[in-house]
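Visitor: I would like to learn how to read a structure like this one, feature by feature. Where do we start?

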Amino acid sequence: MAGAFRRVMVYLGLVDDDYEEYEPYEDVQPAAPVRVRSAYGPEPGEMTGGVRTLPREPDPSSGVSIQPRPAVVRAMAPVQTAKVHIVNPASFNDAKEIGDRLKDNQPVIINLQDVERDLRYRIVDFCSGAAYVLGAHLEKAADKVLLITPSNVEVSDDEKRRLQERGLYRA
């Protein structure tokens, strides 16, 4: 049974048939004894690799004072509204245009209605990967039409109405 399994592994290329025998591996022991440390980290004030830990409560006699850090508050980037770029791909080379527009934070409509099946699948795979990597939102806008919206961009209601008039967006 093990021989048949090995032959299948060799056939699939998962095992190299040339290396039947392996030399046993010996663990190399460290020359110096290893010091076992506490599971909770070093003791306060103990030197560890050039870094000294400070105690939670400052010791007035040590001359070290701990200043609390102020809380960092960052403003959220405002949500942008942008005009949607429409792509009618004729070949897979048009995927570059889709990716470039997404990198520029512009929403993209991909009209796949007149695209052959294999190319349509390749474009959808590319768009889903690009949307994932860029943190964009991918949605079906109509039959064989995709809308990819970057995370910090929103498509306005006027733009959605304009796309709906062209048959590229359904409410």
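Visitor: How many salt bridges does the count come to?

Guide: Side chains of opposite charge can pair when their charged atoms come close. The model here is a predicted one, and the count comes to three salt bridges. The rule asks for a side-chain nitrogen of Lys or Arg within 4 Å of a carboxyl oxygen of Asp or Glu.

Visitor: Which side chain does D100 meet in a salt bridge?

Guide: D100 meets K96, with 2.9 Å from N to O. Both residues belong to helix α2 and sit four residues apart, about one turn of the helix. K96 is exposed at a relative accessible area of 57%, while D100 is partly exposed at 28%.

Visitor: Is E159 buried or exposed?

Guide: E159 is buried, with a relative accessible area of 10%.

Visitor: How should I read the nonpolar core, and which residues touch the most other members?

Guide: In soluble globular proteins, nonpolar side chains tend to be buried together. The largest nonpolar core here has 16 residues, and I98, I110, I123 and I148 touch the most other members. At least two residues each come from α2 (95-103), β5 (108-111), α3 (117-134) and β7 (145-149). The largest contribution to this core is from α3, with five residues. Apart from it lies another core, of 11 residues, including A142, L147, L168 and Y169.

Visitor: What is I148 in contact with?

Guide: With neighbours within four places in sequence left aside, the contacts of I148 include I98 and L102, I110, C127 and A131, and H137 and L138.

Visitor: Now the sheet. In what order do its strands stand?

Guide: Strands of a sheet pair through backbone hydrogen bonds, either parallel or antiparallel. In this model four strands form an open sheet in the order β4-β5-β7-β6, with mixed pairing. β4 and β6 are at the edges and have a single partner strand each, so one side of each is left without a neighbour in the sheet. Neighbouring strands are turned by 25 degrees against each other on average, direction ignored.

Visitor: In what sense do β5 and β7 pair, and over how many bridges?

Guide: Their pairing is antiparallel and runs over four bridges. V108 has I148 as its bridge partner in β7. Strand β6 (residues 137-142) also pairs with β7 in the antiparallel sense, over five bridges, and there H137 is partnered with T149. The hairpin of β6 and β7 has two residues between the strands, and K144 takes a positive phi near 60 degrees in this hairpin.

Note on methods
Residues numbered from 1 in each chain as written. Predicted model: local features only at pLDDT ≥ 70, side-chain atom pairs only at ≥ 80, totals over all residues. Heavy atoms only, no water. Core = buried A, V, L, I, M, F, W, Y, C linked by side-chain atoms within 4.5 Å. Buried < 20%, exposed > 50% of the residue type's maximum accessible area, 1.4 Å probe, protein only. Contact = heavy atoms within 4.5 Å. Pairing = 2+ DSSP bridges. Axes fitted to C-alpha atoms, helices over the stretch in contact; angles between N-to-C directions.
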